[in-house]
There are 2 protein chains.
Amino acid sequence: MEILCKRILEEGRALSSTVLKVDSFLNHQVDPKLMYEIGTDFKNYFKDRGITKIFTIESSGIAPTVMTAMQMDLPMIILKKQRGKNLDGDVYQTTVHSFTKGSDYELTLSKKYITKEDNILIIDDFLANGEAALGAARLIEEAGAKVEGIGIVIEKSFQPGHDMIMSKGYDLFSLARISKLEEGLIEFVK
Amino acid sequence: MEILCKRILEEGRALSSTVLKVDSFLNHQVDPKLMYEIGTDFKNYFKDRGITKIFTIESSGIAPTVMTAMQMDLPMIILKKQRGKNLDGDVYQTTVHSFTKGSDYELTLSKKYITKEDNILIIDDFLANGEAALGAARLIEEAGAKVEGIGIVIEKSFQPGHDMIMSKGYDLFSLARISKLEEGLIEFVK
């Protein structure tokens, strides 16, 4: 997605070989029109796939996902990051490790919002180690539903997430694919 | 907002005299078209007020706020809930107490995304005790900017937040105003 790569080059800041800050349009300040265009791209790729619901993970995935869900006329489900296990039995939970924060959380989905018949698109803002997206996929499959695809706004292709998702056979569609980061340098996959 | 009140009556669940669950269309599963209509209502009320940016608090405020920001052609800024103080000096922070979670967090705003010239609309999903909205207002005023208004999707008018915000002279616009909750009962302000 050309306009997204242009914004990443103009406004993104590579702080190290793994950290890219895009907090002027995606994570802290958010450009709603860009989010809408991102939604259009996801819709164009996934529109004929019989998707029934779109899942995302709080909180930076919400803005691009709600714009996609509106254009595809589908509900969005926000998976919650809870600190502890919920013992009620009315939720699906799976433990996810956040490399960014160096801690674990329980990715949580109410059983009310998924059925075996669901065919689900997962959308998230970043793909790095793949922990969040694969955690979402585990919850969906535990519920007996299908992961139809995974849409990512910015993929750091040199980190393990890309290959882990591909090795599980999921259809991964990333709008911007970064091949290399260094302080002050951002390169895209050719 | 009639369509919102209808959804609250049809799908909302009053769990106690203070807790209203609306997780089928606002907090967990989200209806993007309703979020768009909420955005239209906020735009119609605040459109001639010279607003420069829209602030919200992660994470349930993001979906209605990004829909408002798109229709008003303004950037959205997501205030972050951090656990500890940031000592870098590049952020504004204020301590907010969450009655829901029974704990405190540091509401955090990068200094890059606010100037003294800003005229800001705050939007959030719920107003109860007013802690989050008033925390956002403190950050804005600490930066020397102006709080032009506060937009709330669902106000629990019988809790202290409404009066606290009014007593500070802010223009508060709530789309649904609930006067009373009891297990199984939801009443709106007439």
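1. B:Phe42 is buried, because its relative accessibility is 0%; buried means under 20% relative accessible area, exposed over 50%, and partly exposed in between, with a 1.4 Å probe and protein chains only. This is a predicted model: local features need pLDDT of at least 70, side-chain atom pairs count only at pLDDT 80 or more, and totals for chains, interfaces and linings use all residues. Side-chain values use heavy atoms, with hydrogens and water left out, residues are numbered from 1 along each chain as its sequence is written, and chains are lettered from A and ligands numbered from 1 in the order in which they are written.

2. Aromatic pairs come next. A pair of aromatic rings is described by the distance of the centres and the angle of the planes. Rings of Phe, Tyr and Trp (its six-membered ring) pair if their centres lie within 6.5 Å; planes under 30 degrees apart count as stacked, over 60 as edge-to-face and the rest as tilted. By this rule there are eight aromatic pairs over all chains. B:Phe42 and B:Phe173 form an edge-to-face pair, 6.1 Å centre to centre, with 75 degrees between the planes. B:Phe42 lies in helix H2 (residues 32-46) of chain B and B:Phe173 in strand S10 (residues 172-182) of chain B, so the pair ties together parts that are 131 residues apart in sequence. Helices (H or I, at least four residues) and strands (E, at least two) are DSSP runs, numbered from the N terminus. B:Phe173 counts as buried, at 19% relative accessibility.

3. B:Tyr45 and B:Phe46 also form an edge-to-face pair, at 4.8 Å centre to centre and 80 degrees between the planes. B:Tyr45 is partly exposed at 34% relative accessibility, whereas B:Phe46 is buried at 0%. In chain A, ring pairs link A:Phe42, A:Tyr45, A:Phe46 and A:Phe173 into a cluster.

4. Two lysines of chain B sit over ring faces. B:Lys81 lies over the face of B:Tyr105, at 5.2 Å from the ring centre. B:Lys111 lies over the face of B:Tyr92, at 5.1 Å from the ring centre. The rule: NZ of Lys or CZ of Arg is within 6 Å of the ring centre and within 35 degrees of the ring normal.

5. How are the copies related? Chain B can be laid on chain A with an RMSD of 0.0 Å by a turn of 180 degrees and a shift of 0.0 Å along the axis. The two copies are thus related as by a two-fold rotation axis. The superposition is by least squares on the C-alpha atoms of residues with pLDDT of at least 70 in both copies. Of the residues of chain B, B:Ser59 comes closest to the axis, at 2.7 Å (C-alpha). The copies meet through the same surface, because 100% of the interface residues of chain B are also interface residues in chain A.

6. The bond from A:Glu58 to A:Ser59 is cis, with omega near 0 degrees. B:Glu58 and B:Ser59 are also joined by a cis bond, with omega about -5 degrees. B:Ser59 lies in the loop between strand S4 (53-57) and helix H3 (62-72) of chain B.

7. A:Met72 lies in helix H3 (residues 62-72) of chain A. A:Met72 counts as buried, at 14% relative accessibility. Beyond its neighbours within four places in sequence, A:Met72 is in contact (heavy atoms within 4.5 Å) with A:Lys43, A:Phe46, A:Lys47, A:Ile51, A:Ile54 and A:Leu121. A:Asp73 has a positive phi of about 55 degrees although it is not a glycine. A:Asp73 is exposed, with a relative accessible area of 53%.

8. UniProt (unreviewed entry) places a "binding site" at A:Ala128, A:Asn129, A:Gly130, A:Glu131 and A:Ala132. Such annotations may be inferred rather than shown by experiment; feature names are shortened, and positions are in the numbering used here. A:Ala128 is in the loop between strand S8 (119-127) and helix H4 (131-142) of chain A. A:Ala128 is buried at 18% relative accessibility, and A:Asn129 is buried at 17%. Leaving aside neighbours within four places in sequence, A:Asn129 is in contact with A:Phe99, A:Gln159, A:Pro160, A:Gly161 and A:Met164.
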